[in-house]
Amino acid sequence: PDSDAGERVGSFVVEGAAVTGCTWENSSLVPGREAASLLPPITLQWCKLDDVATSGGKHEVVLPVYLNSGRAEVLHSVPLPLAEGVSSPSMYERGSSVTLWGGVE
């Protein structure tokens with residue numbers, strides 16, 4: 001999720017995306033009580049792998065990004081920051097993911 005949504009050349013904004021198995025709170029992921037929760041607008045941008053900066057050891061988890069809540073099509077994965085004290089294995093155990101369409105029923 002990005003507060004500068006749509007201001008990058010060659011990017012586009014996705015609204016209505018959701019995280020499942022967790023909640024987006026204070027710019028990071030935390031375990032959630034709801035099955036899914038909406039994300040703020042997300043800016044997506046295609047780039048060459050060579051141009052992507054590595055996380056540099058940030059406290060994060062890499063989640064799969066699905067086209068919709070059916071979870072039949074994985075589009076890619078994305079690293080997202082975790083709240084302090086939250087482990088990446090706990091997010092995987094919860095089946096956490098991002099869905100771009102139809103994520104919250």
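**Burial and core of a predicted chain**

In this predicted model, the accessible surface of the chain comes to about 6800 Å², and carbon and sulfur atoms hold 52% of that area.

Q: Why is Thr23 called buried?
A: Thr23 has a relative accessible area of 19%. The cut-off for buried is under 20%, and therefore Thr23 counts as buried.

Q: Where is Thr23 found, and which residues does Thr23 touch, not counting residues up to four places away in sequence?
A: Thr23 is found in strand β2. With those sequence neighbours set aside, Thr23 touches Ser28, Leu29, Val30, Pro31, Gly32 and Ser37; a contact here requires heavy atoms within 4.5 Å.

Q: What share of the chain counts as buried?
A: The chain has 105 residues, and 34% of them are classed as buried.

Q: Which members of the largest nonpolar core touch the most other members?
A: They are Leu29, Leu39 and Val98, in a core of 20 residues. Two or more residues of this core come from each of β2 (18-25), β3 (28-38), β4 (42-45), β5 (60-68) and β7 (97-101).

Q: How many of the contacts with a separation of 6 or more join residues 24 or more positions apart?
A: Such residues account for 61% of the contacts in the chain at a separation of 6 or more.

Key:
Residues are numbered from 1 along each chain as its sequence is written. This is a predicted model: local features need pLDDT of at least 70, side-chain atom pairs count only at pLDDT 80 or more; totals for chains, interfaces and linings use all residues. Side-chain values use heavy atoms; hydrogens and water are left out. A nonpolar core is a set of buried Ala, Val, Leu, Ile, Met, Phe, Trp, Tyr and Cys residues joined through side-chain atoms within 4.5 Å. Buried means under 20% relative accessible area, exposed over 50%, partly exposed in between (1.4 Å probe, protein chains only). Accessible areas come from the Shrake-Rupley method with a 1.4 Å probe; for residues, only the protein chains shown count as cover.
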